[in-house]
Amino acid sequence: MAVLLLTVCGLVMVWCLCFALLKRNQIRRYLPPGTMGWPFFGETTEFLKHGPNFMKNQRARYGSLFKSHILGCPTVVSMDPVINRYILMNEGKGLVPGYPQSMLEILGKNNIAAVHGATHKYIRGSMLSLIGPASIRLHLLSKIDMLLRSYLDNWDGKTIDIQERTNEGRKRVTKLLRQIMEERRASSVTHNDMLDEILRNEDSNCKLSDVEIIDQVIAILYSGYETVSTTTMMAIKYLHDHPRALQELRDEHFAMRQRKKPDEPIDWNDYKSMNFTRSVIYETSRLATIVNGVLRKTTKDIELNGFIIPEGWRIYVYTREINYDPFLYPEPFTFNPWRWLSTEPHFSLPTSVLSVASSSGYNNSVNNQPNSSSTTDITPPSSLAEIPALPFHIDLSSNQHPSHHPMVTRLRSEAIKPRAYSSICQPIHHKLTDTEPKSVKEALGKPHWHKAMAEEYGSLFKSHILGSPMVVSMDPEINRYILMNEGKGLVPGYPQSMVEIVGKNNIAAVHGATHKYIRGSMLSLIGPASVRLQLLSKIDMLLRSYLDNWDGKTIDIQERTKEMALLTSFKPMVKVESNQIYETFKTEFDKLVVGTLSLPINILGSNYHYGLQGRKRVIKFLRRIMEERRASSVTQNDMLDELIGNEDSDYKLNDVQIIDQVITILYSGYESVSKTTMMAIKYLHDHPRALEQLRDEHFAIRQRKKPDEPIDWNDYKSMSFTRAVIYETSRLATIINGVMRKTTKDVELNGFIIPKGWRIYVYTREINYDPFLYPEPFTFNPWRWLDNKSLESHNYCFLFGGGTRLCPGKELGIVKITMFLHYFVTRYRWEEVGGEKLVQFPRVEAPNGLHIRVSKY
Ligand code: HEM
C-alpha cells in the first residue's frame, strides 16, 4: 500500500513539475527574448557596472525589446521609441509607475510616483496648483530670484565645488517650500492650493493623513533635487567648454539687465524671453542625459509588440539613446544649443527623450514648462497624393478584407520602428546608388512590392518609379521629419503630368514664399473661417436638393459621391445659373482629372493629351467668366468674385494664378472627398450598430429643427460620432497612401544621402494599421476616435498630411462628407446590389461602380 501511495505521490509530483515547467515555458514563449541572469541577483551587477553599454549589447543581441532581471525585479527593457511612446501614453492600460521598492520605502508609499488612477489625478492636480506654471509665474519666480541673487553674492576669488554649490542652490528652493508651509500654518489666510488643502482642509474628499502629507512634500522636494542640480552643473561645464555659447548666453542676460535697474528682479516676461538660455538647458539635458529613462510596472498581463509581459513585471522605458539619434539631432555628440532655436515656423524638435521623459503621458513632470515652439499638428493634396497606375489591386469581393491584404498584415510594430533609431551612433554616409536599383517594371510587376522591398532593404529604400529615381520611406519618424521640414531641401514632388495639367502655379508645385502666399489666399477661400461663415450654408443647400428623389432608385454611389464632391466645390466657386454650363464644365474637368494620373506622353489618344485638352477648355471657360464678371457690376458672392474682385486683398493673384488656384481647389477635394464618402457608406452598411448611432446623432439634431431648417456650425460641431466615422473611414480605407516630395539639394536622411532632384515617396499607409495606435487595426471602430480625443492629432496621424502642407481643405472636406451623410441617413436606407469589386490599392475604387438600392427611411 505504502509503495502504491509513494508511486502515486511521485507521479503527482512529476505531473505537477511537468505542468509547472510547461506553464513556465508557455509564458517564456511569449516573453521578449533576453537573459535573466543569476537567481535573485539577475543581471543587476552587469547593468550597474556597464550601464549604457549593457543596454546596447543586449539590444544588439535581442532587439530593442528584451527581458532581463535587474534591481530585484523581472524587467522588460524597451529601447524602441515607438513602444516607449506607447507605454508613456497609455498609463490606464495596465501600465503604472514601477519605481524600485527602495525608493518607494524612502519616499513614502503615498508619493505621486507610487499612486495611480484617481488618486494620482487628484494628487497631480493639487501638485500643479502648488508648483505648476501659474504658481511659478505668480509666486515662485520672484522668490527664487531673491534667493539666488543673495546665494550668488561674494563668490569672487573663491574656488568652489560646483557640484556641491548647485545642490545647495536646490536646497534653498526646498527651504523656501518648507517656509511657505510654516507660514500657512501660522496664518489664517487661505491660498486655495494643494498645500492649503493637504494642511488644513478637513472636508476634502481626499483628506490626507499626516504620513501622506509628509510623503507628498518629500516627493516634491526629491523630484526636482538631482535633476535641477545636475543639469545646472552640466550646463556650467558645457558653457565653460563652448565660449561661443557662453558669449551668446551672456549677451542674452546682459541685454535684459540693461533694460532693468541693478536690483530689479527678473519677471515672467524676462524669463519667457530667454530663448537661448532655454535652449542651453534643453541641450544640456539631452547631451548629458540627465534622465536615462522611466520605470513602469504592469498591473495585468499586457501585450507589447506581439509579446506578453506578465502582470507585476517592470518595464524600463529606456529613452537615453534617442538623445544621440543623428537623425533627430545631427552631430549628436556636439553641444549645440542652437538646434533648439528653430527658425522654421512649423518645426520643433520631435518628441524625444526630453519630451518623452518630461512631457508625454499622464505622469509627465508637473513643472515642465511647455516649449514655446510647440509642435504643429500634422496633416494636406488628397488625390494629388496618389501614385498613379500601380496595379496592386486588392480584391475585396473575393472575401479578402482590404486590411488582410498581405501588405497590410506585415504591420506589426517592427514595421514602424524608426530606422533612425537603429543607426544611432553609426551614421554611415553612403550614396544610395551603392545598392541595386529597382526598375519600373519590377515595381509594377510585383503586387507586394513595397512589402518585399521593405523586408529586403528596410523601411527606407531606393527605387526608380514613374520615370524618376525615387526613395520610398515607410518609416513614420522619417516621414514625420520630411513633412515637418519642407524648408530643408524637401519640396513637393508630384508627377510632371499633374503639375502640367493642374497648373504650374498650383499650390503643390510652388514652395517657399510663393507657397506661403498661395496658401494664404487658399485658406482665406476654403479655410475653417470661410467654411463656418459662408460655405457650410451653401453646401447644406446644395446637398439638401442633391439628395432629393433617390427613393426607389438603384444608384452607383461611387458616381454620386464624385458628383457631390465636384458640385459642392464648383457651385460655391463659380455661381452659374444654367445647369448646362455646369455639365459641360464637368465633362472637361473629368478629362483633366484622368490626365493628371498618366504618363506625361503628349500624343494623340493618350490620357495625358486628353488631360491637356481638358485643361485648355477649363481655362477657356474660366477666362470667359472672368471677363464677364469684370465687365459687369453685379456681384455673385462666390469664390471667383473674391479672387478677381478684391484689389485690396492681402493675397492678390494674377489671372494665371487665379485659374490655377480654382483648378487646384476643384481638383484637390475631388477624389479624397468622394472616396471617403463612398467608403463611409460601405462601412456603415456593413456595421449596423455604427449606422444606428450615426442616425441617432442626426435625428436628434433634426428633432430640434424645423423640417427645412439648415444645419448650422453648432450642429455640425456637435456631430462627434459622424466625425469619428469619417476619420475611421479615412484610416481603414487609406484614402491617401502617402505624399510625394522632391529634394532641391543633397539631403541627409537617416545616415543616407538622397541626391538633389530625387523624388521621395512618403508612404504613410502602414501607420494606419499600427496596432499600437489603433488596437485591432483592421476593425471598423469609429468609437476609438471618441475614446481617445488625442488620436486625431497624434504625431504620426498623416491622414490629412502634415507640417506646412497640412490640408487646408480638411474642415471643408469633413463638412461635405458630414452633410452628405446627414441628408442621406435621415432620408434613406439602402442595401448593396452586391458582388461588385472594390479595390483599395493604389487607389480606392470600384472599377465597375458600387451599386446600391435606395429606399425611403
Ligand atoms: C477627406 C478629404 C481630404 C483628405 C483626406 C485630404 C488629404 C490631404 C493630404 C494628405 C494632403 C497633403 C499633401 C502633401 O503634403 O503633399 C492635402 C493637401 C491639400 N489639400 Fe487636402 N484632403 C482632403 C480634402 C481637401 C479639400 C476638400 C480640399 C479643397 C477644396 C483640399 C485641398 C488641399 C490642398 C490645396 C492641399 C495642398 C496644400 C499645400 O500644398 O499647402 N483637400 N490634403
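This is a predicted model: local features need pLDDT of at least 70, side-chain atom pairs count only at pLDDT 80 or more; totals for chains, interfaces and linings use all residues.
**Entry 1: overview**

I started with the totals. The protein chain carries 34 helices and 18 strands. Of its 857 residues, 39% count as buried.

**Entry 2: the five-stranded sheet**

Next I went for the open sheet of 5 strands. I read its order as β9-β10-β16-β13-β11, and the pairing is mixed. Which strands stand at the edges? They are β9 (460-465) and β11 (490-492); each has a single partner strand, so one side of each is left without a neighbour in the sheet. From one strand to the next, the twist averages 35°.

Then I went through pairs of strands. β10 (residues 468-473) and β16 (residues 759-763) run in the parallel sense, with 4 bridges between them. I checked one of the partners here: Ser 473 is bridged to Val 762 of β16. On to β13 and β16, which are antiparallel and joined by 5 bridges.

5 of its 6 residues are buried, so β13 is largely enclosed by the rest of the structure.

**Entry 3: the three-stranded sheet**

I moved on to an open sheet of 3 strands, ordered β12-β18-β17, with antiparallel pairing. Its edge strands are β12 (554-556) and β17 (828-832), each pairing on one side only. The twist averages 35° from one strand to the next here. β17 and β18 (residues 851-856) are joined by 5 bridges and run antiparallel. Within that stretch I noted Glu 831 opposite Arg 853 of β18. Helix α25 (residues 557-573) packs on this sheet, where it touches β12 and β18. The helix direction makes about 60° with that of β12.

**Entry 4: α26 against α27**

Helix α26 (residues 579-596) packs against helix α27 (residues 607-631) at about 140°, and the axes are 7 Å apart. That makes α26 oblique to α27. I logged the crossing of the two as left-handed.

By class, I get 9 nonpolar, 6 polar and 4 charged residues in the contact.

**Entry 5: α32 against α34**

How do α32 and α34 cross? The axes of helix α32 (residues 720-733) and helix α34 (residues 810-827) come within 10 Å, at roughly 115°. The two are therefore roughly perpendicular to each other. α32 passes α34 in a right-handed crossing. From α32, the contact takes Thr 722, Arg 723 and Ile 726; from α34, Ile 814, Ile 817, Thr 818 and Leu 821. The class tally for this contact is 4 nonpolar, 2 polar and 1 charged residues.

Key. Residues are numbered from 1 along each chain as its sequence is written. Axes are lines fitted to C-alpha atoms, for helices over the stretch in contact, and angles run from 0 to 180 degrees between N-to-C directions. Angles under 35 degrees count as roughly parallel, over 145 as roughly antiparallel, 65 to 115 as roughly perpendicular and the rest as oblique. A crossing is left-handed if the near helix is turned anticlockwise from the far one by less than a right angle, and right-handed if clockwise. Two residues are in contact if their C-beta atoms, placed from the backbone, lie within 7 Å. Ala, Val, Leu, Ile, Met, Phe, Trp, Tyr, Cys and Pro count as nonpolar, Asp, Glu, Lys and Arg as charged, and the others, Gly among them, as polar. Two strands pair if DSSP finds at least two bridges between them. A residue is buried if 20 or more other C-beta atoms lie within 10 Å of its own, exposed if 12 or fewer, and partly exposed in between; C-beta atoms are placed from the backbone.
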